[in-house]
Amino acid sequence: MLYLLLEQGLNGLQYGLMLFLLAAGLTLVFGIMDVINLAHGSLYMIGAFLAAAFYQHLENYLAALLLAILATALIGALLEQTLYRRLQKMSHLSQVLATFALILIANESVKIIFGAQPLMLPVPEMLYGPIELVEDELYYPRFRMLIIVVGVLVALGLYLLVNRTRIGMWMRAGASNPGMAAVMGVRIQPLFTFVFALGAGLCALAGALLGPLLAVNVGMGESILIPAFEVIVIGGIGSMRGALVGSLLVGMIDTVGRVLLTLLLKAVSDPATANSVGPTLASMAVSLLMVAVLYFRPQGLFPARG
Amino acid sequence: MPSTPTPLTQGLPSAWSAIGVAVALAIYPLLMSVAGQDFYIGLGSRVLILALAASALNLVLGYGGMISLGHAAFLGIGGYTVALLAQGGSAPAWLAMPLAVIAAAAGAALIGAVSLRTRGVYFIMITLAFAQIFYYLAVSLRGLGGDDGLPMLARVELPGLSLGDDIGFYYFVLALAGLAFMLLYRLAASRFGRALVAIRENEQRMAAIGYPVYRLKLAAFTLSGGLAGLAGALLANLSLGVTPHLLTWHQSGILIVMVILGGSGYFWGGLTGAAIYMLLEESISTHTEHWNLWLGALLLFIVLVAPEGIMSLRRKPAKAERA
């Protein structure tokens, strides 16, 4: 029982960290550029598809991963230059519509280019199999462990970037008051392009890392978009710290809550019901958490704007 | 006469145009029946139902300026209510339809009461989150059929009119949608409608004047949810069942798309938008399976060129003069 919880805790951590990769980009774009980007999940999907496609040609996971990140960051930069720059000046409604349109276009384009069948992105050979965390009791897949390690490293890197570098200072200034930052001499347009490309690259990283665990398919962007949005609303739009805390919270509730609720339900009802209702309650709990946060603390747990 | 219509008078049709639309809609199935195009009668019903849903959204989005990305929830509540009532065989229309509306309106009142305390982006996200909760419920509850949804053996029953027949059902839809449109028209022309538009234009000022802004918005949201529920109930009858697809956020997005296509804040915006959308879908998807690609491109074009909807293009020159 303890080890089951530990294992689920690790799974929650892993899911939370992957959510963080998406939420970090989303919250920056949201906070700094003030654009509501429904198409963020599409960049994640594109990243995963590119990684899978590169892998088929190169047969090298690491090279495919890096290439996918670069290519997706490039696509992000292009999108920022051509579309998002204009959207910034428009109403939220226009942003919702335009990025909804982007989702439709991205889904359909991916279907045309890669076909409707899910692509396979295998686990790299050297990461096959589990490692033993507690002797004879707790085994954990190597690849999932790698995802956790990468996630922690990226979170650390982002923390240093945002809090210890000049670009990070500009980003924070842009998130708390973009107009003032521009007046104080921050060149805001290149900063936007950089932030957007960074967000897109992080999406691709998440897509390429999760590719071997989930199927790389057309709907994958939308299924992770909603949790990512919930994360940034819970954490406070524009706040990196909020994105991290929110991601881990959502990851844990969704993963550990799923198991705990199912177990609890099994104690009071038949297993079939418990197995179907437990996961749903966990998903709903995340939405309810967001509703509660918005109700009691509309600016999120860690508001970026003072 | 002012060069641009003020927000208060904009988009309210004349009585003649309303009568014209009503007559055209009433003879449409007869024409199709004579022409032997029975397929288009069912399509007509679908357009009318979606027009009703889009108009309901238009009330909060266009008139009230509340961007709800969760109206699929109300479609779903209405649809599932009717489907549940019909599980025992067939339900009488006079019972099933009002219950669907009441259930959806009650849902909207609850969701609205919480959501309307937030604004802007947060309102968009919280309505989306609520709709997701209903989606998860529908997918997982076995009583609601899970992924497969609930099939209906027959449409609701109305003495004197055979709703199983396409033309009969069309007139049933037309009658209910007509009633809803009359209600919406009266509302838009009333003090309530004008206050709603004024809140969209300047909420702070309306609050300062002493209008109960929150209550007015909640009333509009509840009403809109109820009408969307009616549309959902009709949709369930049309397709003889409901699936969780009705509750996806994609559906909420499509409703917004319809309102924008037709013109948000214009009385006929919902009807025009639903008609344009269905027409495009029917005509484009016969030529290519990639209809979503074209829809996306069209949407982007509209956002970048005519961000206030196709109807606003007519007003462009006047705006340029002012600037």
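**Exercise 1.** Work out how α2(A) and α3(A) are oriented to each other.

Solution. Start with the geometry: helix α2 (residues 40-58) of chain A packs against helix α3 (residues 61-87) of chain A at an angle of about 140°, and their axes are 8 Å apart. Angles under 35 degrees count as roughly parallel, over 145 as roughly antiparallel, 65 to 115 as roughly perpendicular and the rest as oblique. α2(A) and α3(A) are therefore oblique to each other. Next, look at who takes part: the contact (C-beta atoms, placed from the backbone, within 7 Å) includes L43(A) and I46(A) of α2(A), and Y61(A) and A63(A) of α3(A). By class, these contact residues are 15 nonpolar, three polar and no charged.

A note on the model: it is predicted, so local features need pLDDT of at least 70 and side-chain atom pairs pLDDT 80 or more, while totals for chains, interfaces and linings use all residues. Residues are numbered from 1 along each chain as its sequence is written, and chains are lettered from A and ligands numbered from 1 in the order in which they are written.

**Exercise 2.** Describe the contact between chain B and chain A.

Solution. First, count the residues: 35 come from chain B and 34 from chain A. Then find the main contributor on the side of chain B that touches chain A: α5(B) gives the most, with 14 residues. Finally, sort that side by class: 25 residues are nonpolar, eight polar and two charged.

**Exercise 3.** Find the residues that L52(B) touches.

Solution. Leave out residues up to four places away in sequence; L52(B) then touches A177(B), A180(B), L227(B), L230(B) and A231(B).

Definitions and conventions. Two residues are in contact if their C-beta atoms, placed from the backbone, lie within 7 Å. Helices (H or I, at least four residues) and strands (E, at least two) are DSSP runs, numbered from the N terminus. Ala, Val, Leu, Ile, Met, Phe, Trp, Tyr, Cys and Pro count as nonpolar, Asp, Glu, Lys and Arg as charged, and the others, Gly among them, as polar. Axes are lines fitted to C-alpha atoms, for helices over the stretch in contact, and angles run from 0 to 180 degrees between N-to-C directions.
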